[in-house]
Each structure stands twice: as C-alpha cells, then as structure tokens.
Amino acid sequence: FDPQANTEAMLKYAGQNGKQLEKVLGRAPNDAEIYMAHNLGFGGAKKLLTVPENTLVTKSLIGSNPNHNPKFLTNKGSPITAGEARQRYFSLFGIGL
C-alpha cells in the first residue's frame with residue numbers, strides 16, 4: 001500500500017469529477033457535489049443533482065440499490081427524494097440548499 005499514490009489517485013479522480021460536474025452545473029461544484037460524485041460515480045451524481053427534488057431515489061437514479069445504503073432511506077426504510085438526498089450530502093459539509 002502506497003499512501004502517496006493513493007492520495008494522488010483520489011485527487012486526480014476528484015479533479016476529473018469536478019470538471020465533469022462543472023459542465024453539468026454551469027458553475028464550479030462544491031465539496032459536497034464532488035463527494036457525491038466520488039460516492040455515486042459521475043453518472044449517479046449527475047442524475048441526483050439534476051432531477052426534480054421530489055423524485056424518489058431508486059436504483060435507476062443512483063446506479064445501486066438504495067436499500068443497501070441507509071443514507072437513501074427514511075427512518076422507516078422508505079426511499080427518500082432526490083432533494084432529501086442532496087440535503088444529506090450537503091449537510092455533511094455544512095452547506096445549506
């Protein structure tokens with residue numbers, strides 16, 4: 001394991017995601033949006049950031065089963081909306097919508 005190489009690879013990946021997100025958003029992405037792309041891949045982040053807020057988070061939206069990730073579920077186990085998911089990511093970085 002090479003921590004330096006791992007860090008460099010992560011920074012390169014984050015930079016690539018940032019450039020792609022900037023094209024989609026029409027502005028520089030914030031840290032939460034870059035983290036979202038790291039978690040979901042660029043395609044998942046793009047969908048989550050561009051669908052209407054009331055869209056339910058589903059496998060077709062994020063590319064994986066939301067039932068396997070509690071951040072995409074309510075306390076009762078139901079899927080949350082895209083707006084709620086965005087807020088959860090943003091709150092990790094102290095960013096309000």
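User: Why is Thr81 called buried?
Analyst: Buried means under 20% relative accessible area, exposed over 50%, and partly exposed in between (1.4 Å probe, protein chains only). Thr81 has 18% relative accessibility, so Thr81 counts as buried. Its place is in the loop between H3 and H4.

User: Which residues is Thr81 in contact with, leaving aside neighbours within four places in sequence?
Analyst: Contact means heavy atoms within 4.5 Å. By that rule, Thr81 touches Glu53, Asn54, Thr55, Leu56 and Val57.

User: What makes Phe93 partly exposed?
Analyst: Phe93 has a relative accessible area of 38%, so it is partly exposed. You will find Phe93 in the segment after H4.

User: What makes a set of residues a nonpolar core?
Analyst: Such a core is a set of buried Ala, Val, Leu, Ile, Met, Phe, Trp, Tyr and Cys residues joined through side-chain atoms within 4.5 Å. The largest one here has 17 residues, and those with the most contacts inside it include Met36, Leu40 and Tyr89. Helices H2 (31-50), H3 (59-62) and H4 (82-92) each supply at least two residues of this core; helices are DSSP runs (H or I, at least four residues), numbered from the N terminus. H2 gives the largest share, seven residues.

User: How should I read the numbers?
Analyst: Residues are numbered from 1 along each chain as its sequence is written. In this predicted model, local features need pLDDT of at least 70, side-chain atom pairs count only at pLDDT 80 or more, and totals for chains, interfaces and linings use all residues, while side-chain values use heavy atoms, leaving out hydrogens and water.
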